[in-house]
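Student: Please show me the structure. I would like to ask about a helix and some rings.

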Amino acid sequence: MSALNIRLSGYALGLVLWSFLPVRWAHAEQPHPTKPQIEAAYLYNFGKFVTWSNTSGEAFEICVLGKDPFGPILDATVAGESIGDKRITTRKISNLQESSHCRVLFISSSEEGRLKPALAAARTCGALTVSDMPHFADKGGMIQFVPRDNKIRFEVNLPATEEAGLTLSSELLKVAVKVIGKPGN
């Protein structure tokens with residue numbers, strides 16, 4: 001691969017990663033977004049790169065199961081936004097029965113003790129599961145936030161997404177630092 005191709009592919013990767021940050025940060029006074037801000041932006045943007053087999057409901061719900069690490073940040077990130085023709089809403093849930101309408105389900109590390117039933121419930125309703133708990137993707141979660149080079153990146157468990165009837169965009173898979181179940185990994 002020539003030096004020009006390497007620079008161009010690096011540039012393209014940078015553009016895709018930049019697309020994960022909401023536009024409102026481009027002019028923000030705070031020079032470096034916090035971990036909750038970055039993760040909230042990812043949760044919002046993941047919805048743009050996933051195709052669901054079941055898209056019923058009026059809203060696109062992003063839910064947080066367990067202790068909420070975002071506070072008002074997630075609400076502020078998605079305020080007034082939509083994915084497709086669905087308005088984005090957020091909801092904090094405390095039990096698995098409340099997860100049936102979630103499109104994206106962030107599972108807090110406070111739920112590690114009941115991770116298996118949480119993943120099973122999310123798979124049944126076709127929700128994209130995301131967490132920052134250690135080994136989440138290895139344990140059957142779909143997307144795990146991981147720190148890399150002082151940045152927040154993510155790993156993907158492709159078989160888990162396919163089992164739930166979700167299709168991830170190749171653009172999303174390109175920027176993952178690890179894709180479990182991808183040929184060659």
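Questions on one helix and on the aromatic rings follow.

Tutor: This is a predicted model, where local features need pLDDT of at least 70, side-chain atom pairs count only at pLDDT 80 or more, and totals for chains, interfaces and linings use all residues. Residues are numbered from 1 along each chain as its sequence is written, and side-chain values use heavy atoms, with hydrogens and water left out.

Student: Which residues of helix 4 are buried?

Tutor: Helices (H or I, at least four residues) and strands (E, at least two) are DSSP runs, numbered from the N terminus. Buried means under 20% relative accessible area, exposed over 50%, partly exposed in between (1.4 Å probe, protein chains only). In helix 4, residues 115-125, the buried ones are Leu115, Ala118, Leu119, Ala122 and Cys125.

Student: Within what arc do the buried residues of helix 4 fall?

Tutor: The arc is that of the directions from the helix axis to the C-beta atoms. The buried residues line one face of helix 4, because seen down the axis they fall within an arc of 135 degrees.

Student: Which exposed residues does the face turned away from the buried side of helix 4 carry?

Tutor: Look at the face turned away from the buried side of helix 4. Its exposed residues are Lys116 and Thr124.

Student: How many aromatic pairs does a search of the whole structure find?

Tutor: Rings of Phe, Tyr and Trp (its six-membered ring) pair if their centres lie within 6.5 Å; planes under 30 degrees apart count as stacked, over 60 as edge-to-face and the rest as tilted. Searching the whole structure gives 8 aromatic pairs.

Student: How far apart in sequence are the parts that Phe46 and Phe145 tie together?

Tutor: Phe46 and Phe145 are stacked, 6.1 Å centre to centre, with 20 degrees between the planes. Phe46 lies in helix 2 and Phe145 in strand 7, so the pair ties together parts whose separation in sequence is 99 residues.
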